[in-house]
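Work through the exercises below on aromatic rings and the charges placed over them. Each task is followed by its solution.

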Amino acid sequence: IFNNAGSTQVIADVLGWFDDGTPAPSPGADLVPVTPFRVLDTRDGTGGLSGRFGPAQIRTLTVTGTGGPGGVPASGVSAVVLNVTVTGPTQASHLAVWPADRPQPTASNLNFVAGETVPNLVIATVSADGRINIFNNAGSVDVIADVMGYFSTTGASYVALTPSRVLDTRDGTGGTTGPLAGASSVAVRLGGLGGVPPSGVRAVVLNVTATQPSGPSFLTLWPHGLTRPTTSNLNFVAGQTVPNLVVVPVSADGTIDIYNNAGTVQVVADVIGWFG
């Protein structure tokens, strides 16, 4: 862990681990990436949870059997990959996400301050009946969750990489120079870059950073050639630099699309692994 300047306290919570595929049988589960879909939005009642989370409140969300065909199946799921976003918090707080049939952990998944809209990628183990608990520590806040994939015994195994920059619109890395305009998207081919093979890749894991945005907006990433989903991976406001981890399926040639909703923004992406 490297800190570039000044001093800072650092906290790390372990959520799981990836095996090397050599045990027989392997003890882990494999990722099945999905086209992102919204499973929770307290602003409109998506997911059956309507209204803001209150202080010290725990609410339960069913995540298996959602998303229809191509979504999360009703059984055979050990964990889900969620992009969780908070918006409109009344004070500084944090969210914790854990399986509904286990005690609440002391770890947090998302930290925020009053008025902030901020996302984080969450890999959440599910209970035996496919549910998760979500806890808000203080104040009130709206919570949004988009499913990016799930883990099962029939998915794709993970290959970790030394992080490598594959996109930087500030200097043209990845073939795109200059900020992304509002209501526009750009195609980025990742096959063959940064250790990602040119073929045989089902999804990539990226750390995506938005910087120098001209106004509030969001980014959405999805496999090239498919219809853009109505979900978001990264939310930000004017002048903010904010990152998020993204698991995104790729097209057959390893290409993804990145959409910026409004204003202009520079986008940086570092690949840290892929699923074969």
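The exercises cover ring pairs, then charges over rings.

This is a predicted model, in which local features need pLDDT of at least 70, side-chain atom pairs count only at pLDDT 80 or more, and totals for chains, interfaces and linings use all residues. Residues are numbered from 1 along each chain as its sequence is written, and side-chain values use heavy atoms, with hydrogens and water left out.

**Exercise 1.** Classify the pair of Phe-18 and Tyr-158.

Step 1. Rings of Phe, Tyr and Trp (its six-membered ring) pair if their centres lie within 6.5 Å; planes under 30 degrees apart count as stacked, over 60 as edge-to-face and the rest as tilted. The count by this rule is five aromatic pairs.
Step 2. For Phe-18 and Tyr-158 the centres are 4.4 Å apart and the planes at 35 degrees, so this pair is tilted.
Step 3. Phe-18 is in the segment before β1 (30-41) and Tyr-158 in strand β9 (residues 158-168), 140 residues apart; strands (E, at least two residues) are DSSP runs, numbered from the N terminus.

**Exercise 2.** Classify the pair of Phe-18 and Phe-275, and state whether Phe-275 is buried or exposed.

Step 1. With 6.2 Å centre to centre and 65 degrees between the planes, Phe-18 and Phe-275 are edge-to-face.
Step 2. Phe-275 has a relative accessible area of 2% and is buried (under 20%; exposed is over 50%, partly exposed in between, with a 1.4 Å probe and protein chains only). Phe-18, at 43%, is partly exposed.
Step 3. Phe-18, Phe-151, Tyr-158 and Phe-275 form one aromatic cluster.

**Exercise 3.** Which ring does the charged end of Arg-228 sit over?

Step 1. A charge sits over a ring if NZ of Lys or CZ of Arg is within 6 Å of the ring centre and within 35 degrees of the ring normal.
Step 2. The ring is that of Tyr-259, with the charged end of Arg-228 at 3.7 Å from its centre.

Key
Helix = DSSP H or I, 4+ residues; strand = E, 2+ residues; numbered from the N terminus.
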